[in-house]
Amino acid sequence: MEGNEQRKITIGHLYPDLLNLYGDRGNIACLMQRCKWRGIEAETIEFELNDEIDFTKLDIVLLGGGSDREQMIVCQKLKSIQKDFKDYVEDGGVVIAVCGGYQLLGKYYRTEDGIIEGLDLVDLYTEQEEGRLIDNIVLKSDLFDLPVVGFENHGGRTYINGNKPFGKVLYGSGNDGKSGYEGVVYKNVIGTYLHGPLLPKNPQVSDYLIARALERKYGDDSLIPLDDSQEISANQYIYDRFVKKA
Ligand code: GLN
């Protein structure tokens with residue numbers, strides 16, 4: 001670890017009391033620990049629905065997954081943060097949005113009970129369709145050498161209107177079960193259906209987020225390599241089990 005490390009990142013966790021499915025909070029623990037191992041200071045601020053959010057103080061924002069009911073509650077708040085959140089994204093702010101959080105990045109999520117309006121940060125929309133897409137999932141993303149592995153469980157199908165997908169589906173359903181693609185990448189925003197939580201088994205995704213945040217804040221995205229043998233073997237296990245056997 002470098003003795004002269006001075007960099008620090010602040011992670012904003014939006015609405016963990018509502019958007020908290022399938023261990024998405026574990027993504028925060030992973031980001032914090034990977035910074036700590038490198039001597040990079042990291043802090044997480046959790047925001048509840050009525051808290052003020054100063055996006056200018058944040059380097060990474062995490063939006064987790066939620067049930068339709070919870071997403072409906074959150075959506076009523078989104079209008080008041082939309083402008084500041086949009087400015088943050090357009091300025092290269094880093095966002096990792098999972099499942100329900102991914103859907104909320106878009107214009108809307110139409111359910112049989114009504115329309116959940118989103119943040120309109122990325123040009124995409126979600127329609128609830130027959131049946132839920134539930135299974136392990138494996139992607140190949142051109143951002144990483146390792147496959148990206150996780151678990152998906154969603155009733156919504158997301159249409160990304162020509163935006164860049166996060167990855168190509170090697171196993172599982174992805175955005176809509178038909179296109180063969182999963183998630184979205186827009187500027188420094190990643191939206192994805194992958195729970196698990198996503199980051200512990202995908203160390204390259206974690207480091208991508210940390211590096212983008214450091215680059216934006218300090219113009220220096222250098223990261224000391226870590227011993228990722230355990231993370232890689234977990235990733236490899238899922239890949240072998242669901243993709244290689246085919
Ligand atoms: N409620 C959304 C859906 O069913 C998102 C679910 C989730 O976050 N896992 O599509």
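Helices (H or I, at least four residues) and strands (E, at least two) are taken here as DSSP runs, numbered from the N terminus. The model is predicted, so that local features need pLDDT of at least 70 and side-chain atom pairs count only at pLDDT 80 or more, while totals for chains, interfaces and linings use all residues. Residues are numbered from 1 along each chain as its sequence is written.

**The chain as a whole**

The chain has 5 helices and 12 strands. Its radius of gyration, taken over C-alpha atoms, is 17 Å, close to the 18 Å that the globule rule (2.2 Å times the number of residues to the power 0.38) gives for 246 residues, so the chain is as compact as a globular protein of that length. The C-alpha trace spans about 55 × 50 × 30 Å along its principal axes. Buried residues account for 46% of the 246 residues in the chain; a residue is buried if 20 or more other C-beta atoms lie within 10 Å of its own, exposed if 12 or fewer, and partly exposed in between, with C-beta atoms placed from the backbone. Two residues are in contact if their C-beta atoms, placed from the backbone, lie within 7 Å, and among contacts between residues at least 6 apart in sequence, 71% join residues at least 24 apart.

**Helix 1 against helix 4**

The axes of helix 1 (residues 26-37) and helix 4 (residues 203-218) come within 10 Å and cross at roughly 70 degrees, the axes being lines fitted to C-alpha atoms, for helices over the stretch in contact, with angles running from 0 to 180 degrees between N-to-C directions. Helix 1 and helix 4 are therefore roughly perpendicular to each other, given that angles under 35 degrees count as roughly parallel, over 145 as roughly antiparallel, 65 to 115 as roughly perpendicular and the rest as oblique. Helix 1 makes this contact through C30, L31, R34 and C35, and helix 4 through S206, D207, L209 and I210. These residues divide into 5 nonpolar, 1 polar and 2 charged.

**Backbone features in loops**

A cis peptide bond, with omega of about 0 degrees, joins G196 and P197, and P197 belongs to the loop between strand 12 (189-192) and helix 4. C99 sits in the loop between strand 4 (94-98) and helix 3 (100-105) and is buried, with 29 other C-beta atoms within 10 Å. N161, in the loop between strand 8 and strand 9 (167-171), likewise is a residue other than glycine with a positive phi, near 50 degrees. With 12 C-beta neighbours inside 10 Å, however, N161 counts as exposed.

K164 is found in the loop between strand 8 and strand 9, M32 lies in helix 1, and Q82 lies in helix 2. The table gives their neighbour counts.

| Residue | Other C-beta atoms within 10 Å | Class |
|---|---|---|
| K164 | 13 C-beta atoms | partly exposed |
| M32 | 17 C-beta atoms | partly exposed |
| Q82 | 15 C-beta atoms | partly exposed |

Not counting residues up to four places away in sequence, K164 touches V184 and V185, M32 touches A42 and T44, and Q82 touches L119 and D120. The C-alpha atoms of K164 and W37, 127 residues apart along the chain, are separated by 32 Å. For M32 and E43, 11 residues apart along the chain, the C-alpha separation is 7.3 Å, and Q82 and L105, 23 residues apart in sequence, are 10.0 Å apart in space, C-alpha to C-alpha.

Conventions: Ala, Val, Leu, Ile, Met, Phe, Trp, Tyr, Cys and Pro count as nonpolar, Asp, Glu, Lys and Arg as charged, and the others, Gly among them, as polar.
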